[in-house]
2 protein chains.
Amino acid sequence: MTKSTDSARLIISDSEHDADMLYASGIFVPDAFIAIEIDAEWHGLFSPLEVDRARKNSRFSHVHLDTPLRTVAENLNRSGLASVAAAFLSEHAITRVEVPGHFPLAYADALKSWGFKVKASEGAFFPSRAIKSEQEIRYLAHAEKLTRQSMQQAETYLAACSIGDDNILRDSQSGKKVKAADVRRAIETFLIGNGAMPAHTIVACGREGADPHNIGSGYIRAHQPIIIDIFPRILATGYWGDMTRTYVKGKATPEIKKIYNTVREGQDIGLSMVKDGVDGPSIHQAITAHFDNRGFPTRMVRGKQTGFFHGTGHGVGLQIHEAPGISPRPGTLKTGQVVTVEPGLYYPGLGGVRIEDMVVVRDHGCDNLTRHKRKLEID
Amino acid sequence: MTKSTDSARLIISDSEHDADMLYASGIFVPDAFIAIEIDAEWHGLFSPLEVDRARKNSRFSHVHLDTPLRTVAENLNRSGLASVAAAFLSEHAITRVEVPGHFPLAYADALKSWGFKVKASEGAFFPSRAIKSEQEIRYLAHAEKLTRQSMQQAETYLAACSIGDDNILRDSQSGKKVKAADVRRAIETFLIGNGAMPAHTIVACGREGADPHNIGSGYIRAHQPIIIDIFPRILATGYWGDMTRTYVKGKATPEIKKIYNTVREGQDIGLSMVKDGVDGPSIHQAITAHFDNRGFPTRMVRGKQTGFFHGTGHGVGLQIHEAPGISPRPGTLKTGQVVTVEPGLYYPGLGGVRIEDMVVVRDHGCDNLTRHKRKLEID
C-alpha cells in the first residue's frame with residue numbers, strides 16, 4: 001500500500017445516537033465501534049457480532065474484524081476501544097488524528113498517552129451533512145409525510161371527541177375525559193405502525209402550551225389552543241420529520257384567533273424569505289418585527305418570558321436539531337439545506353400558538369415538505 | 001460563601017441520551033446544558049426556556065439562569081456552553097474540574113485554553129449508579145412489568161395466527177402473511193400506549209435469529225424459533241426494561257427443543273449463581289461449560305461464530321447497557337445491582353434461541369423482576 005499521509009480522521013461511537021457515525025457508516029450499530037478515514041477511504045472496525053452485517057450493509061470502503069487488533073492491544077497491556085483504534089493506526093503508520101468535537105475526552109487522553117496527536121475538528125466534522133443530497137431529501141420527505149399523516153390522526157381523534165359540561169373533551173368511544181396522553185397515543189400508534197419512532201411528542205393544551213418545552217400531561221379542554229408538535233425518526237433511514245400545528249376544539253376566542261393569524265402571517269413571511277444566500281437573522285427579525293407591529297412584542301413580564309422567545313427554525317437530517325439555525329445568531333442559508341420554519345407566540349396563563357413546516361432551501365425559494373393545511377378550529 | 005475547594009465536577013450534555021446527566025439532574029432536557037458539583041452540592045445552569053421547569057422538577061440543590069453568565073462569556077469573546085461553564089467556575093474560584101470520560105474533547109480543549117485543568121474521571125463518573133436504590137428498583141420493576149405485558153401481547157398475537165400451506169403465519173384478522181413488523185407492532189403499540197418507548201425490538205425468525213443483532217424483517221414461519229427481545233424505556237422515569245423469549249409457533253423440531261432446553265438450563269444455572277460477591281466470569285463459564293457438556297460448544301464454523309458468543313448479561317438502569325457485565329471480563333456482582341441473565345445458542349442456517357430475565361442482586365441470591373413463564377411452543 002502506498003501511503004500518502006501520516007494523518008487520519010477517527011470516530012469512536014455508536015451510530016444510534018451519533019449522527020456523524022451514522023453518516024460515515026450508513027448502518028445502525030447500538031454499541032460503540034471505530035471508523036477511520038485514511039486517504040479519503042473509510043475503514044470500519046467491527047466485533048465478530050457485527051462484522052457480517054457491516055460487510056453486507058455498511059457504506060465503508062473497507063470492513064475489518066477487530067479481533068486481531070484487540071490481541072495487539074492486549075499484548076501492549078492496553079484495553080478499550082481507543083487501544084483497538086491505536087493498533088489500527090499504528091499498522092498504517094498514522095501518528096495524527098482529527099476527531100469530532102464530541103469525541104470522548106478519555107479516548108483522546110488515552111491516544112495521546114500512546115504518542116498520537118489528537119485534534120478536535122473545528123466546526124462540523126462532516127460539513128456536507130448540512131447540504132442534503134436528493135436521496136436525503138427523499139428520505140426527509142418520506143419522514144415528513146408520515147409526520148403529516150400522524151397529525152391527521154390527531155385531527156381525526158379530536159374531531160370525534162365530544163365536549164363535556166366541564167369543557168373537558170370526551171373520548172368518542174369510551175366516553176372518558178381526554179388527556180394529552182390519549183391524543184399522543186393516537187399519533188404515536190400510527191407512527192410505530194409505520195416504521196417511525198416518535199420522541200416526546202408535544203400535546204400541550206391551554207396553559208401548558210405557554211412553555212414551548214412542556215410536552216403536556218393534563219386534560220384537553222375545548223376553546224383553548226392545543227399545540228401538537230410531532231418529530232419522529234424513521235427507523236430504516238435515521239432521518240427525522242418535524243411539524244407543529246395548533247388547534248382549538250370548539251370555538252377560539254377573538255384573542256386566540258388574532259394570535260393564531262399573527263403566527264401564521266409570521267410563518268408566511270419566513271417561508272417567503274427562505275432561499276439560497278439569505279441570512280438567518282434577517283428572517284428571524286422580519287418575523288419578530290411583524291409580531292411587534294401586531295401588538296405581540298417579546299419581553300419579560302413578571303419574570304416570565306412572553307411573546308416569541310425561541311429561534312425561527314433549525315436544520316433537520318440525521319439529527320432532529322442540526323445546522324443551520326434560523327435565529328438571531330449569524331448564518332446564511334444554502335441550497336440543499338433542510339430547515340424548519342416555526343414561529344410561535346406564548347403567554348403564561350393563556351397558552352401558546354406555534355406552526356411549523358419543514359422546507360428545502362432552493363436557489364430561488366424553498367420547497368415545503370410538510371404541505372399540510374393550517375386550520376385553527378376543529379368542530 | 002466559605003470555599004473549601006478549588007475543584008469541581010462538571011457535566012455538559014443533554015439528559016435524554018446521557019444517563020449521567022439524567023442521574024445528576026433528574027429531569028429530561030433535550031438540549032445540552034451544564035451541571036457542576038461544588039462542595040458536594042450540584043448546580044444546574046439553564047436557559048430561560050428551561051429554567052422554570054428545572055426549578056420545579058430537577059434534583060439540583062441550586063438552579064441558575066445562564067443568561068448573566070453568557071454575557072460574561074461574550075464580554076471575554078468566548079462562545080458555546082464551555083464558556084458559560086467557565087464563567088460560573090471562575091465566579092466560584094474553581095480552577096480544576098473532573099469530567100466524565102465521555103466529556104466532549106472540544107469543550108475540554110476550550111476550558112484548558114482558558115486556564116482550567118480538566119481531568120476525565122477514572123472509571124464511572126457516578127459509581128453509585130451501578131447500585132440501585134429501592135426506589136430505582138421499583139422503577140426497574142415497573143419497566144420490566146410493562147415489558148412482560150408487551151411480551152404477552154406478542155404471544156397472544158402469535159397464538160391467534162393461523163399457519164398457511166407455505167408455513168408462513170397468517171394474521172387472524174386480515175388473513176395476510178405475517179412479517180416481523182406485524183409482531184413488533186403488537187408489542188410496540190402496547191408499550192407506546194402505556195408510557196414506554198420501544199427501541200429496535202427484535203423479532204427474528206429462523207435464520208435471522210442466528211445473528212443476535214439482527215432485529216428481524218422477514219416472514220414469520222411456523223415450526224422455527226422466533227427470538228423476541230424487548231427493551232423499552234419508561235418515559236416518565238428513564239429506566240429500561242429488558243427481556244427475551246424464544247417461541248415456536250406450531251411444533252418445534254427435536255433439535256430446537258434440545259437447544260431450547262439447554263439454554264433454559266443454562267439460564268437456571270446463571271440465575272442460581274447470581275448473588276453478592278460472585279464473579280461474573282464464574283457464572284459465564286458455568287453456562288458455557290453446560291453448553292459444552294450438552295454438545296453445544298462455542299466455535300467458529302466456516303468463518304461464522306456458532307454457539308454462545310456474547311456475554312451472559314449486563315447491568316440495566318438509566319442505560320440499557322451499563323455496569324456491571326456478566327462475561328469473561330473480570331468483575332464481581334454486588335447487592336443492589338440489576339443485571340440481565342441471557343444465555344443463547346446460535347447456529348447459522350438454523351437460527352437462535354435466547355432467554356433473558358432481569359434480576360436484582362441480593363446478599364444471598366437474586367430477585368427476578370421478569371417473572372414470566374418460559375414456554376417454547378405456541379399452538
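**Note on the chain A–chain B model**

1. Residues 160-362 of chain A are 24% helix and 28% strand, and the C-alpha atoms at the two ends are 39 Å apart. Helices (H or I, at least four residues) and strands (E, at least two) are DSSP runs numbered from the N terminus. An unreviewed UniProt entry annotates this stretch as "domain: Peptidase M24"; such annotations, given in the numbering used here with shortened feature names, may be inferred rather than shown by experiment.

2. The model is predicted: local features need pLDDT of at least 70 and side-chain atom pairs count only at pLDDT 80 or more, while totals for chains, interfaces and linings use all residues. Residues are numbered from 1 along each chain as its sequence is written, chains are lettered from A and ligands numbered from 1 in the order in which they are written, and side-chain values use heavy atoms, with hydrogens and water left out.

3. Between the chains, 39 residues of chain B are in contact (heavy atoms within 4.5 Å) with 39 residues of chain A. The two chains bury about 3,300 Å² between them, 59% of it on carbon and sulfur atoms; buried area is the accessible area (1.4 Å probe) that two parts lose on being put together, summed over both. Leu49(B), Leu105(B) and His213(B) supply 22% of the area that chain B buries against chain A, more than any other three residues.

4. The rule finds 2 salt bridges across the interface of chain B and chain A, a salt bridge being a side-chain nitrogen of Lys or Arg within 4 Å of a carboxyl oxygen of Asp or Glu. Asp52(B) and Lys304(A) form a salt bridge through their side chains (3.4 Å, N to O). On the side of chain B that touches chain A, α2 (48-57), α5 (105-113), β6 (117-120), α7 (180-192) and β15 (304-306) of chain B each supply at least two residues.

5. Within chain A, the assignment gives domain 1 (7-125) and domain 2 (130-378); such bounds come from an automatic or database domain assignment. The C-alpha centres of these two domains of chain A lie 38 Å apart. Here 5 residues of domain 1 of chain A are in contact with 8 residues of domain 2 of chain A.

6. Domain 1 and domain 2 of chain A bury about 480 Å² between them, 63% of it on carbon and sulfur atoms. Ala19(A), Tyr23(A) and Phe28(A) supply 71% of the area that domain 1 of chain A buries against domain 2 of chain A, more than any other three residues. Across this domain interface of chain A the rule finds 0 salt bridges.
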